[in-house]
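Open the model in your viewer and keep the sequence panel beside it. The stops below say what to select next and what is there.

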Amino acid sequence: MKRKLGTITIGQSPRDDVIPEMLPYLGENVEVIQAGALDGLTYEEILEFEPKEGDYVLVSKLRDGRSVKFAEKHILPRLQNCIDKLEAEGVEVILFICTGAFPDIFTSKKPILYPQKILHGVTPNLLGKGKLAVITPDEDQIFQSQKKWSETGVDVIVVKGSPYSKEDELGEAIRELKRYKGIDIIVMDCIGYNQEMKNRVSKETGIPVVLARTMVARVLGEILNP
């Protein structure tokens, strides 16, 4: 009998751009059941969630491939609905498919794993005496990312480069990072970044890169595999 993993995207499910790259680290005996905070909403309805000054900003992908930016506060009740849905389907563990920081308000009978906590718990311990560089999707996320990563005690640089843009924002992020000296590790701080993007950043900067989706999948595999 397969073990059931529940995943929640802050956008719309299924995340066929994410889950396939995670599967090899989860083990063969795992069934992934997906839910999305924006499932059932139209693009126009989602635009009403536009962040205002002071809001915690999230960026995700819709089922049709479009990227959206919205305030976290609008989806919190919808995230709880996703948790309830996945529990009803018999999942053993629930994973948020997002590296954002979430308030401790959710209730669940099953363990909930947050990629942000895994990344922040592991990455600072991989550093030497140098800097940590973080790539985040949107300019409006730079300050909140700088603040959150600084809480881990590291010297951090944050640049933006969306994994969802048709423009080569990642190329601009790479060029900006090359202007800094003493970077030990680069973190691609969004589940939307993929292995190909990681390889490009690593090759063009010559710096080790941590990819959120695969780090989280490796850790999760420890729980799901005998």
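Select strand 9, residues 183-188, together with strand 10: in this predicted model the two run parallel and are joined by three bridges. At M188, look across to strand 10, where the bridge partner is L211.

Next, go back to strand 9 and pick I183, which lies in it. Is I183 buried or exposed? Its relative accessible area is 11%, under the 20% limit, so I183 counts as buried. Leaving out residues up to four places away in sequence, I183 touches K131, A133, I157, L177 and I207. For a sense of distance, select E89 as well: I183 and E89 are 94 residues apart in sequence and 44 Å apart in space, C-alpha to C-alpha.

The largest nonpolar core has 29 residues, and L5, M22, L95, L132, V187 and L220 have the most contacts inside it. Two or more residues each come from helix 1 (19-26), strand 5 (93-97), helix 4 (115-122), strand 7, strand 8, strand 9 and helix 8 (212-224). Which element gives the most to this core? Helix 8 does, with six residues. Zoom in on L5: beyond four places in sequence, its contacts include L26, V30, V32, I33, V91, V93, L95, L220 and L224, and also E31. Apart from this core lies another, of 27 residues, among them I10, A35, A37 and F96. As a general point, nonpolar side chains in soluble globular proteins tend to be buried together.

The last stop is a hairpin. Select strand 3 (residues 57-61) and strand 4 (residues 67-71), which run antiparallel and are joined by five bridges. S60 stands opposite V68 in strand 4. Five residues lie between the two strands of this hairpin, and in the turn G65 has a positive phi of about 100 degrees.

Note on methods
Residues are numbered from 1 along each chain as its sequence is written. This is a predicted model: local features need pLDDT of at least 70, side-chain atom pairs count only at pLDDT 80 or more; totals for chains, interfaces and linings use all residues. Side-chain values use heavy atoms; hydrogens and water are left out. Two strands pair if DSSP finds at least two bridges between them. Helices (H or I, at least four residues) and strands (E, at least two) are DSSP runs, numbered from the N terminus. Buried means under 20% relative accessible area, exposed over 50%, partly exposed in between (1.4 Å probe, protein chains only). Contact means heavy atoms within 4.5 Å. A nonpolar core is a set of buried Ala, Val, Leu, Ile, Met, Phe, Trp, Tyr and Cys residues joined through side-chain atoms within 4.5 Å.
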